[in-house]
Amino acid sequence: MNVQTFLQHFINALSLGGIYALIAIGYTMVYGILRLINFAHGDVFTYGIYFAFYAVVAFFFPWWMAFIFSIFVTALLGAAIERVAYRPLRNAPRISALITAIGVSFFLENFAIVAFGGRAKSFNPQTGIYPTTFLKMLRFGNIRVPLLTFLTLGVVALVLIILLWIVYHTKVGMAMRAISKDITATRLMGVNADRIVSFTFMIGSGLAAVGGILWAMKYPQIYPFTGMIPGLKAFIAAVVGGIGSIQGAMIGGFTLGVAEIMIVAFFPSWAGYKDAFAYAILLVMLLFRPTGILGVEVPEKV
Amino acid sequence: MQRKTLSTKTQFFLTLFLVLGIWFLLFLAKNNASEYVILILNLIAINVIFATTLTFINGITGIFSLGHAGFIAIGAYVSSLLTLPIEQKEMSFLIKPLIYPLNKVEMSFFPACIIAGLVSALFGYIVAAPSLRLIGDYLAIATLGLGETIRIIANNTWSITNGALGLKAIPPYTNLWWTWGWAFVTVLVIASLVKSSYGRALKAIREDSLAAKAMGINVFSHQVMSFVLGSFFAGIGGALWAHLITTIDPKSFMFVKTFEILIMTVLGGLGSISGAIIGAAIYTVGLEFLRVLEAPFSIGSITFPGIPGMRMVVLSLLLILLMLFWRRGIMGRRELSWDGLYNLLRRIRFSSRGDRA
């Protein structure tokens, strides 16, 4: 492998990693606050793509409006899921909440089959969903990179900066961080915890929609199970980075994206096992450093 | 009113009568029922095996494992590879020929089942050691990943599993005797284990593993044992299932499989063996009744086409609603027992006699 192909793969890996990071943030924020693995997050991601798709195809929105519309609707969907399915179980055993989350995930997937049809839909610029200029190839010497890759990286960077600003420099962010430490004490401080949790779900789901749209531009086939594998991988990314930590989710997302593309690039015959690498990374990580790269160890209470 | 207990002897005979009764009913079904009903009866027994093992691992021991489909896959593949006729193997493996010892083997069903269970248990053992060091939802995710990994491996090892093409024309050895016999053995073994001191240790681990450890229970080895036993019977269930359906491919063992079993156990009550049996039966029969939803229906002269996928929507809603409003399921953590039944009958008799009791 020469330098050129390496760079080519590396840039590709970065854009994939960026999308994983966006989804992983949704997992990590919810886990940080509620200690709940939001299994349905990958399916929220799928719905984000479908909303954008239908906004253009059925409502004839211009692409940028469709994308913004999708982000808002997906955010509302996330908040609705939290309100209906997770809030009543706030004080239930954690396993019950996890089972419910699995149920919500299956509900969303199968509802998508009923509502949107099981056949794959095409999310490509030829059907007018977004401008074809996004796919223009830029040349750097012998390396050819589509504009979309830079766009993806730019969007990811922008979104992450806004997110970090919200979490570390606003009152809402302060409340989020407080809830993740101790929800009862935060309530006693006069914070409306339920509203903050809703807000967290909205941010996470909105980011999933952003990730979903970027994903669909990269892999333009959408079907009701699109989000399953990227969702699981993003969750793994969140664990690898240290679940509960936003910076960890970013690091984990990029690590996973780069590892996945690079392993296949170096050992093409392993391509069939592509999806198993993530699980292997997860297992190794859980065994040797269960708290992840940036996670903090929580001592077991007796 | 005082609770009365029946003597062990009476209980034994009651159980014997129950088993003989079921045996007689199956005998009748085998000779008289339609093929469709027999298929459903077979599926009930196989699902009882799956649900009981998952309850044993999840509900009794408290290891929240989501990798059940992986063990079922191993059982199904191993047994099918052992029983497939040699000529059929040569015909099926188009892309790459089957590797050496397997392409010369053709076994009868029973030893194939046992080997399938043992291989599955071996995998369970290998998997248990690393994953049981994790707790709670981490364990769930890790086992989910392992189950999926087994499926991905099956999808890629063309010279063993025939990859995505899967195996077809598996001899249809499964019949009512095999399925119900194995279901009986599974329930018997697991129920007796749960009743023994071993089972009490498992429940102690479920309630509080630290306290159990303090009481001198070797938490890790108990959990591993439970996991291995569960995967053994799950493997056998997989073998029965493969020889009932007669074609398998990696897609049959997606996470949905685990999800279905999870609904059965939650419906029956996570933590109750009799609940698992009831849950499996209701689920299997209910799924058939729900076919109405996917069939075309007509109101007046207008005919609506059936909506494919509607059944799964209903099922997933059912799981969510169960968790929200009826978390303990049908049985909770209680078990059906002759004592319970006896006392229930006595109570009914006394209350019908009025207040004299």
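**Reading contacts and packing**

A: Start from a single residue and its surroundings. Ala97(A) touches Leu36(A), Tyr86(A), Leu89(A) and Ala92(A), not counting residues up to four places away in sequence. The model is a predicted one.

Q: In which element is Ala97(A) placed, and is Ala97(A) buried or exposed?

A: Ala97(A) belongs to helix H4 of chain A. Burial is judged by counting neighbours: 20 or more other C-beta atoms within 10 Å make a residue buried. Ala97(A) has 24 C-beta neighbours inside 10 Å and therefore counts as buried. For a separation along the chain, take Arg35(A): Ala97(A) and Arg35(A) are 62 residues apart along the chain, and their C-alpha atoms are separated by 9.7 Å.

Q: Which residues have the most contacts inside the largest nonpolar core?

A: A general idea comes first. In soluble globular proteins, nonpolar side chains tend to be buried together. Here the largest nonpolar core has 189 residues, and those with the most contacts inside it are Ala21(A), Ala24(A), Ile236(A), Ala237(A) and Leu282(A). Helix H1 (residues 3–34) of chain A gives the largest share of this core, 15 residues.

Q: How is a pair of helices within one chain described, and at what angle do H10(A) and H11(A) cross?

A: One takes the axes, the angle, the handedness and then the residues. The axes of helix H10 (residues 246–266) of chain A and H11(A) come within 10 Å and cross at roughly 130 degrees. H10(A) and H11(A) are therefore oblique to each other, and the crossing is right-handed. From H10(A), Leu256(A), Ala259(A), Glu260(A), Ile263(A) and Val264(A) meet Lys274(A), Phe277(A), Ala278(A) and Ile281(A) of H11(A). By class, this contact has seven nonpolar, no polar and two charged residues.

Q: How many residues of each chain are in contact across the pair A and B?

A: The size of an interface is often given as the accessible area lost when the parts come together. Here a count of residues is used: 33 residues of chain A are in contact with 33 residues of chain B. On the side of chain A, the elements giving two or more residues are H4 and helix H11 (274–288). H4(A) supplies the largest share of that side, 15 residues. The side of chain A that touches chain B divides into 25 nonpolar, six polar and two charged residues.

Q: Which way does H4(A) run relative to H16(B)?

A: Helix H4 (residues 94–116) of chain A and helix H16 (residues 310–325) of chain B pack at an angle of about 155 degrees, with their axes 8 Å apart. An angle over 145 degrees counts as roughly antiparallel, so H4(A) is roughly antiparallel to H16(B). Their crossing is left-handed. Among the residues making the contact are Phe106(A) and Phe107(A) of H4(A) and Met310(B) and Met312(B) of H16(B). By class, the contact of H4(A) with H16(B) has 14 nonpolar, five polar and no charged residues.

How values were computed. Residues are numbered from 1 along each chain as its sequence is written. Chains are lettered from A and ligands numbered from 1 in the order in which they are written. This is a predicted model: local features need pLDDT of at least 70, side-chain atom pairs count only at pLDDT 80 or more; totals for chains, interfaces and linings use all residues. A nonpolar core is a set of buried Ala, Val, Leu, Ile, Met, Phe, Trp, Tyr and Cys residues joined through C-beta atoms within 7 Å. A residue is buried if 20 or more other C-beta atoms lie within 10 Å of its own, exposed if 12 or fewer, and partly exposed in between; C-beta atoms are placed from the backbone. Helices (H or I, at least four residues) and strands (E, at least two) are DSSP runs, numbered from the N terminus. Axes are lines fitted to C-alpha atoms, for helices over the stretch in contact, and angles run from 0 to 180 degrees between N-to-C directions. Angles under 35 degrees count as roughly parallel, over 145 as roughly antiparallel, 65 to 115 as roughly perpendicular and the rest as oblique. A crossing is left-handed if the near helix is turned anticlockwise from the far one by less than a right angle, and right-handed if clockwise. Two residues are in contact if their C-beta atoms, placed from the backbone, lie within 7 Å. Ala, Val, Leu, Ile, Met, Phe, Trp, Tyr, Cys and Pro count as nonpolar, Asp, Glu, Lys and Arg as charged, and the others, Gly among them, as polar.
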